[in-house]
Amino acid sequence: MIITLIVVCEVGFWLLLAAGLAARYLLRMPRTGLALLLCEPLLEVLLLVVTAMDLRNGADPSWRHGLAAVYIGFTVGHGHRTVKWLDGHAAHRFGGAPPPPKPPRYGMARARYEGVIWLGTVVAAAVASGLLLLAMWYVGGDGNTDGLRETIGAVWRAAGIHGLIALGYAIRPKKDPKAGSALPARDPEHVPDLLVRGARKDEEQV
């Protein structure tokens, strides 16, 4: 049941997002579109309530309940960025707005961008861990909560791996290939020396 509800929430997320953007930019109904977008957090609330009820009814805590917490955490940590990105493209495509800026690809700007995304992963891990700890407290000491505890470790391992990847962009910033293609400028002070050497070489050949 929990897995089915997660799938329903995921499909509902994209349907509400599409309906909200269509109402804002195709139907010219910005308030209706905003209302539809604001309904998206209700899906996470529904999933949280059903998960709590499932545990309340005596279901053994398992990876399914952990997956529900991870889904909610991911939505909190990264959902707003997804909505903002799609809203920017919809506004450009249907609302006449300028195209949204592309994320940086090189240098420290790319490193900062990756760091911001990693912070979203940290928020997702923190939210998921908080929900899992609440579920463990809700179940109490009589139930088997090993699966929930393992899920907490898994989300923080994932956040750590993501952090190492983001750190790699800061330690070794990705270079713009176009910046290295330009020839270095010659020092004007060495130009006469080059001319003299060229003249001597011509005399030797003669």
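These legends describe close-up views of a predicted model.

**View 1. The largest pocket and its lining.**
The largest pocket has a volume of about 370 Å³. Its lining is made up of Arg 81, Lys 84, Trp 85, Gly 88, Pro 100, Pro 101, Lys 102, Pro 103, Pro 104 and Tyr 113. Helix 4, which spans residues 63-94, gives the most to this lining, with 4 residues. Sorted by class, the lining residues of the largest pocket are 6 nonpolar, 1 polar and 3 charged.

**View 2. The second largest pocket and its lining.**
The second largest pocket holds about 230 Å³ of space. It is lined by 14 residues, and those nearest its centre are Leu 48, Thr 51, Ala 52, Leu 131 and Ala 135. Helix 3 (40-56), helix 4 and helix 5 (107-139) are the elements that give two or more residues to this lining.

**View 3. His 162 in helix 6.**
His 162 is part of helix 6, which covers residues 146-171. The relative accessible area of His 162 is 19%, so the residue counts as buried, the limit being under 20%. Apart from neighbours within four places in sequence, His 162 is in contact with Ile 117, Trp 118 and Thr 121.

**View 4. Cys 9 and Cys 39.**
Cys 9 has a relative accessible area of 1% and is buried. Cys 39 is partly exposed, at 30% relative accessibility. Searching the whole structure gives 0 disulfides.

How values were computed
Residues numbered from 1 in each chain as written. Predicted model: local features only at pLDDT ≥ 70, side-chain atom pairs only at ≥ 80, totals over all residues. Heavy atoms only, no water. Disulfide = S-S within 2.5 Å. Buried < 20%, exposed > 50% of the residue type's maximum accessible area, 1.4 Å probe, protein only. Contact = heavy atoms within 4.5 Å. 1 Å grid on protein atoms, 1.4 Å probe; cavity = no way out; pocket = protein on both sides within 12 Å on 5 of 7 lines; lining within 4 Å. Points joined across faces, edges and corners; volume = space filled by probe spheres on them. Nonpolar A, V, L, I, M, F, W, Y, C, P; charged D, E, K, R; others polar.
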